Amino acid sequence: MTTPDTTRSPWALEAQGLGKKYRRGWALQDCSFRLPAGRICGLVGPNGAGKSTLLGLATRLVEATTGELRVFGVPVDSPDVMPRYAYLGQEKALFKRFTVAETLRMGQELNPHWDQAAAERIVRAGDVPSHARIGTLSGGQRTRVAFALAFGKRPDLLLLDEPMADLDPLARNEMSGLLMAEAAERGTTVLMSSHMLTELEDMCDYLLVISGGRVRMAGETEELLSLHKLVTGAREESGELPAGLAPHTVIENRTSGRQFTAMLRTEGPVYGDWQSMEPTLEEILLAYLRSPGTPPLLTPSAQCDRRAERAA
Ligand SMILES: Nc1ncnc2c1ncn2[C@@H]1O[C@H](COP(=O)(O)OP(=O)(O)OP(=O)(O)O)[C@@H](O)[C@H]1O
């Protein structure tokens, strides 16, 4: 039997009907999406949405109840997957008694494709002394060493669970620059959960939005932005939705006096006497999260229907 050439899969992650049920209920349910390789993808959602559960499924810390998850075309439980990804959570899994140099040496011994030069470059850029013990470093310095360990592994997929939450704004800015530069150089796919929407808007060219354990939105950031409009105009005396907006999906609307404002998912041009604005990503995300009944939006590259593809 020949081993499939997983290096060429166009999809870093493919989820089909993926679900995880705990005793209390479903943490993630019927999730189907694709993350194309080479993207820097923001994983967004409110507290308890299922973000950590999804990252846990991708790193096999959590076992799926339903569906399947593939990493570069290979089922996540295949031994071929492990060397392809690195995971960095909020709790940095580092040995406090090790020095920085010993930590990098451990990375070298555990990982066959270890890139010592890249790991050292990341540590050196933060002036972290290599003889210092991990336990004596500041939170920011520890995060930098954890990044060095993750990038030194030369992963094709980097999974990050709010990795910068404990950093000050300056360190966060520096670390996100580092992340983007290293990812761009190697074509690494990044899936990163964060509550910092503006940070994600700056860094991510792809988005995966989850709430209530379900995928709400997924796709190229630019495309998602271009599909929405924030319109303002006169409200209907009847209190009904203005007829001119009928072809579009109204995500959220409000009236203030005689004025009507709506966030639209547009289907072509918006006709009528409307003042139309490009919403920010934050405005779009908040509108979706406040309106759980809105149908999910997945751009074509994010849609996954393996069953239909197999049947075709
Ligand atoms: N080990 C567990 N046992 C039982 N329920 C769990 C477990 N882990 C997570 N859950 C539940 O699953 C749901 C999703 O949790 P998850 O940690 O994936 O959310 P999240 O989006 O990462 O949240 P946050 O932004 O607060 O970190 C929550 O309702 C949570 O209480």
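## The annotated span

In this predicted model, the end C-alpha atoms of residues 13-237 lie 49 Å apart. UniProt, in an unreviewed entry, places the feature "domain: ABC transporter" at residues 13-237.

## Domains

The domain assignment divides the chain into three parts. Domain 1 is built from two stretches, 11-93 and 152-220. Domain 2 covers 94-151, and domain 3 covers 223-302.

Between the C-alpha centres of domain 1 and domain 2 the distance is 22 Å. Where these two domains touch, 18 residues of domain 1 are in contact with 22 residues of domain 2. On the domain 1 side, the elements that give two or more residues are strand 6 (85-88) and helix 5 (169-186). Helix 5 supplies the largest share of that side, 4 residues. Sorted by class, the side of domain 1 that touches domain 2 holds 11 nonpolar, 1 polar and 6 charged residues.

An open sheet is formed by 4 strands in the order 12-13-11-14, with antiparallel pairing. Strand 12 (249-256) and strand 14 (275-277) are at the edges; each has a single partner strand, so one side of each has no neighbour in the sheet. From one strand to the next, the twist averages 20°.

Inside this order, strand 11 (residues 228-234) pairs with strand 13 (residues 259-265). The two strands run in the antiparallel sense, and the pairing extends over 7 bridges. One of the bridge pairs joins alanine 234 to glutamine 259, the latter in strand 13.

## A helix across the sheet

Which strands does helix 8 lie across? Helix 8 (residues 281-290) lies across strand 11, strand 12 and strand 13. Relative to strand 12, helix 8 runs at about 95°.

Terms used
Residues are numbered from 1 along each chain as its sequence is written. This is a predicted model: local features need pLDDT of at least 70, side-chain atom pairs count only at pLDDT 80 or more; totals for chains, interfaces and linings use all residues. UniProt positions are given in the numbering used here, feature names are shortened, and annotations may be inferred rather than shown by experiment. Two strands pair if DSSP finds at least two bridges between them. Axes are lines fitted to C-alpha atoms, for helices over the stretch in contact, and angles run from 0 to 180 degrees between N-to-C directions. Two residues are in contact if their C-beta atoms, placed from the backbone, lie within 7 Å. Domain bounds come from an automatic or database domain assignment. Ala, Val, Leu, Ile, Met, Phe, Trp, Tyr, Cys and Pro count as nonpolar, Asp, Glu, Lys and Arg as charged, and the others, Gly among them, as polar.
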